[in-house]
Amino acid sequence: MSSPSASPFDRWLADDPEVARLLGEEAARQSTTLQLIASENFTSTAVLAASGSVLTNKYAEGYPGRRYYGGNQVIDEVEDLARRRACGLFGAEHANVQPHAGANANLAVYQALLDPGDTILAMRLDHGGHLTHGSPASITSSIWRFVSYGVSPPTDDPDKPGEIIDFDQVADLARRERPKLIVAGSTAYARIIDPMPFREIADSVGARFLFDAAHPAGLIAGGVHPSPVGVADVVTLTTHKTLRGPRGGAILTGADLARVIDGAVFPGLQGGPLEHVVAAKAVAFAEASTPRFRRYAEQVVANAGALGDALAAEGFRLVSGGTENHQVLLDLRTFDDELTGKVAQEVLDLAGITCNRNTIPDDPRPPFVTSGLRLGSAAETTAGMGTDQMRLVGGLIGRALRRRGDAGALDRVRSEVGELCGAFPPYPELAGT
Ligand SMILES: *Cc1c(COP(=O)(O)O)cnc(C)c1O
């Protein structure tokens, strides 16, 4: 196999062999090992090209038509195009495409809608909430007061497996704590998040409702998950997870909140926008509005299902009893009570399988160790893998973890992984350029 290229512009790095070598090594890693981190994906070469463009040179503080620097005629068109495409894709009245990341998008929404000290009701971190949903380590928790809901306890009934969002608890907490804002959305949760019950609870206590769609944005765009747009007051998303665009964030709102949200992003939180990334977001929004992307989103969910089934057959317990999105959250204890998430992640790394340890609801082990593993199907589905390959991957994960003390066995898994990845290169168009 010819060595993979790291970008459409590789040859321009010839004068910096140190960086060129590192980019080449990372391109090789991405194409010879399995990428199962649920928050990652492979962008198109068009997205790579836009984010590697001369737009990085331009200062454009402000918004289209209202900039603080000259020379923004073209940039205005770029950002307007990205905003129009985001609104068209999601059916939103207003889009802010400037947030540098999902975390910034959430911070901007809090800043726009709340005063310091106000109460936010969001998902517990150890049940799948994000750092920006009130982690003690996040600045969010020093500015606002967080109260958290979680998932229901697991059951023994396969038809009602539990570990799904406990709306009775959300409603109780909302009544007792009177939050100004309720946040839906998660970083490790394998079920559909229905925005409607959150809306009803928010209305019953006069709270605003933020749907943080960082993970399922692409599944919503692809029509396989219910859309929170028009239901929630504000929707935040990342453009790099299931949406398959460049690394960044975006915010969707109704026209009523457009000004206050825009002001919170700039000048509230950020300086000049990354217009090269905004152009790449525009590319990704257009890509995500095609029938082809709908088929992709359907395949992502089918692939996660096949991976989950294969892992259940290996003896792992699936948290919440299965998956309805791109994620599989594994409880390792039924497979091997001694095996921690930390060790499993390290063993799988040796076998060429990239994923991350994750807490499971009410995990008895600390967050740095954990009893769980989180896997995602979004990236390898982009590379072209289907349910047959996912079943194979499930078997390889089981074999690697069962024989983790046997270096020869891990080498054999690694070489089977290499063969599989060789048949599904993420960037065939860049090969040997
Ligand atoms: C990934 C994620 C974010 C933050 O995205 P970054 O781009 O990493 O800042 C926010 N919320 C949720 C639920 C996420 O999963």
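## Basis of the model

Helices (H or I, at least four residues) and strands (E, at least two) are DSSP runs, numbered from the N terminus. The model is predicted: local features need pLDDT of at least 70, side-chain atom pairs count only at pLDDT 80 or more, and totals for chains, interfaces and linings use all residues. Residues are numbered from 1 along each chain as its sequence is written, and side-chain values use heavy atoms, with hydrogens and water left out.

## Loop backbone

Arg244 sits in the loop between β9 (234–238) and β10 (249–253). Its phi is positive, about 70 degrees, although Arg244 is not a glycine.

Pro267 belongs to the loop between α9 (258–265) and α10. The peptide bond leading from Phe266 to Pro267 is cis, with omega near 5 degrees.

## Ligand surroundings

Polar contacts are pairs of N or O atoms within 3.5 Å. A polar backbone atom of Gly102 is 2.9 Å from an oxygen atom of the ligand, and for a polar backbone atom of Ala103 the distance to a ligand oxygen is 2.8 Å. On the side-chain side, a polar atom of Asp212 lies 2.6 Å from a ligand nitrogen. The ligand taken alone exposes 380 Å², of which the protein buries 86% (Shrake-Rupley method, 1.4 Å probe).

## Packing of α3 and α10

Helix α3 (residues 73–90) packs against helix α10 (residues 275–287) at an angle of about 35 degrees, with the axes 8 Å apart. Axes are lines fitted to C-alpha atoms over the stretch in contact, and angles run from 0 to 180 degrees between N-to-C directions. The crossing is left-handed, meaning that the near helix is turned anticlockwise from the far one by less than a right angle.

Contact (heavy atoms within 4.5 Å) involves Ile75, Val78, Glu79, Ala82, Arg85, Ala86 and Leu89 of α3. From α10 come Glu275, Val278, Ala279, Ala282, Val283, Phe285 and Ala286. These residues divide into 11 nonpolar, no polar and 3 charged.

Key: A polar contact is a pair of N or O atoms within 3.5 Å; within protein, one must be able to donate a hydrogen and the other to accept it, and residues adjacent in sequence count only if both atoms are side-chain atoms. Ala, Val, Leu, Ile, Met, Phe, Trp, Tyr, Cys and Pro count as nonpolar, Asp, Glu, Lys and Arg as charged, and the others, Gly among them, as polar.
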